[in-house]
Amino acid sequence: MIGKIRKGNGFKGCVNYVLGKEQATLLHAEGVLAESNRDIIRSFILQAGMNPDLKKPAGHIALSYSPVDAPKLTDGKMVQLAQEYMREMKITDTQYIIVRHQDREHPHVHIVFNRIDNNGKTISDRNDMYRNELVCKKLKAKHGLYFAKGKEHVKQHRLREPDKAKYEIYNTVKDEIGKSRNWRQLQTRLAEKGIGIHFKYRGQTGEVQGISFSKGEYTFKGSEIDRSFSFSKLDKCFGDARLNTTESNRQTVSAPVQEPAQTPGKADSPLLAGLGGLFSAPSSPADDTPDNPGERKKKKKKRHLKL
C-alpha cells in the first residue's frame, strides 16, 4: 500500500481526470451531488467558498496496492481501506469521492476531497507526507497486506530514462561491491560496465562530502540511487581497506573517477557479510557527510586515498 498526496487550486481538472479514465468506477461519494462530474465539481466549489483564502482547497490522494493483494481487494474493501486511511490522516467531516481505476495491473483508487471541511475550517496538511508513510505501514500490518521487498521488484523493463540508468547502476553496484576488496577494484569493475564513480570534496579541502555515479549522460548522487549508497555506508563495506588519510598512502584514482576522494572519520568497519545489512540500513540527513567533523579539524595533514 502506497499513498501519494497532491493538492491543487481547483477541482475541475482533478475530478474530470479521476472519473474520465476508461473503466473508472465511482465507489463512494460523501457530501456531494454525484449525478454527474459537473454536479460533483459544483458541490466541491460551493463548500470551498466558505474559506476563499485557502489557495489549494482540492486534495487528491492515490492509494495503490500490490498485485499480490488483488484477490482480497474487492470494491467494498477498497472503500473500507480508503475511509480508514482518511480517518488516520485526520481527513474527516468533509466532502470526498473514492474512484477505482483499472488501467494498471496493481489495484488502486483515487480520493478527491475538500480541504475545507463542512464547518468551513481548513483540514491541516502539516507533515502529511510523513504521516502518510506511517499510516500506510500501519494499515498494511493491520490488514495483512503485502510488503514490497525493495527495488528488486520494480518492473525495470518498463522503465524509461533516466530511471532506467538509475536502476542499472543500482543493480551493478549492489552486485559488484560484494566482489570488491577496495575502492580501486570496485571502480575497475564498474568501469568495465560503463559506470563511473565521482567523489565530491568539501570546498577546497581533501575531505569527502559525498559520492555520485554516472552511466552515459546521466549522473546521480549515491543517495538518489538508494539510501544505503551514501559514501560513508559504502566505504564501511571495505572494512580495513577503507579510504585512508595518511600522507604516505596518497595515490591518484584514474578515470572514470573524476574527483579525488577522502575518508570519513573513524567508525566501526565490519567486513561485508552479504548485502542484507547494506541495503536495509536506515538513512539519515548526514549520510553523505563524513563522521566526527570536530576531530577532523584538528588534523592539518591533507587526506588521501588508500586503494
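## Ground rules and overview

Two strands count as paired here if DSSP finds at least two bridges between them. With that settled, here is a walk through the fold, keeping in mind that this is a predicted model.

The protein chain has 10 helices and 8 strands. Of its 307 residues, 41% count as buried. Among contacts between residues at least 6 apart in sequence, 71% join residues at least 24 apart.

## The three-stranded sheet

Start with the open sheet of 3 strands, whose order is S6-S7-S8 and whose pairing is antiparallel. Its edges are strand S6 (195–201) and strand S8 (218–221), each of which pairs on one side only. From one strand to the next, the twist averages 25°.

For a specific pair to click on, take Ser214, whose bridge partner in S8 is Thr219.

Helix H5 (residues 163–177) lies across S6, S7 and S8, and runs at about 110° to S7. Helix H6 (residues 183–192) lies across S6 and S7, with an angle of about 135° to S6.

## The five-stranded sheet

The other sheet to look at is also open: 5 strands in the order S1-S3-S5-S4-S2, with antiparallel pairing. Strand S1 (2–8) and strand S2 (25–30) sit at the edges with a single partner strand each, so one side of each has no neighbour in the sheet. Ignoring direction, neighbouring strands of this sheet are turned by 15° against each other on average.

S1 and S3 run antiparallel and are joined by 7 bridges. Within this part of the model, Arg6 stands opposite His60 in S3.

H3 lies across S1, S2, S3, S4 and S5, running at about 135° to S4. H2, on the other hand, lies across S4 and S5 and makes an angle of about 40° with S5.

## Nonpolar cores

The largest nonpolar core has 25 residues, and the members that touch the most others are Met1, Ile61, Leu63, Tyr65, Tyr85, Ile98 and Ile111. Two or more residues come from each of strand S3 (58–64), helix H3 (75–88), strand S4 (96–101), S5 and helix H4 (128–143). H3 gives the most, with 6 residues.

Leaving aside neighbours within four places in sequence, Ile61 is in contact with Lys4, Ile5, Tyr85, Ile91, Val109, His110, Ile111 and Phe113. Apart from this core lies another one, of 21 residues, including Ile169, Ile195, Val208 and Phe220.

His108 is found in strand S5 (residues 108–114). Is His108 buried or exposed? It counts as buried, because its relative accessible area is 5% and the cut-off for buried is under 20%. The His108 side chain makes a polar contact with the side chain of Asp103, at 3.3 Å. Not counting residues up to four places away in sequence, His108 touches Leu63, Ser64, Met78, Val99, Arg100, His101 and Asp103.

Phe44 belongs to helix H2 (residues 37–48). Phe44 is buried too, with a relative accessible area of 0%. Its contacts, leaving aside neighbours within four places in sequence, are Phe11, Val15, Val32, Gln95, Tyr96, Ile97, Val112, Phe113 and Asn114. Take Tyr96 from that list: the C-alpha atoms of Phe44 and Tyr96 are separated by 8.5 Å, and the two residues are 52 residues apart along the chain.

## Cysteines

How many disulfides does a search of the whole structure find? The count is 0. A disulfide is a covalent bond between the sulfur atoms of two cysteines.

Two cysteines are still worth a click. Cys14 counts as buried because its relative accessibility is 16%, under the 20% cut-off. Cys136 counts as buried as well, at 5% relative accessibility.

Methods
Residues are numbered from 1 along each chain as its sequence is written. This is a predicted model: local features need pLDDT of at least 70, side-chain atom pairs count only at pLDDT 80 or more; totals for chains, interfaces and linings use all residues. Side-chain values use heavy atoms; hydrogens and water are left out. Helices (H or I, at least four residues) and strands (E, at least two) are DSSP runs, numbered from the N terminus. Axes are lines fitted to C-alpha atoms, for helices over the stretch in contact, and angles run from 0 to 180 degrees between N-to-C directions. Contact means heavy atoms within 4.5 Å. Buried means under 20% relative accessible area, exposed over 50%, partly exposed in between (1.4 Å probe, protein chains only). A polar contact is a pair of N or O atoms within 3.5 Å; within protein, one must be able to donate a hydrogen and the other to accept it, and residues adjacent in sequence count only if both atoms are side-chain atoms. A disulfide is a pair of cysteine sulfur atoms within 2.5 Å. A nonpolar core is a set of buried Ala, Val, Leu, Ile, Met, Phe, Trp, Tyr and Cys residues joined through side-chain atoms within 4.5 Å.
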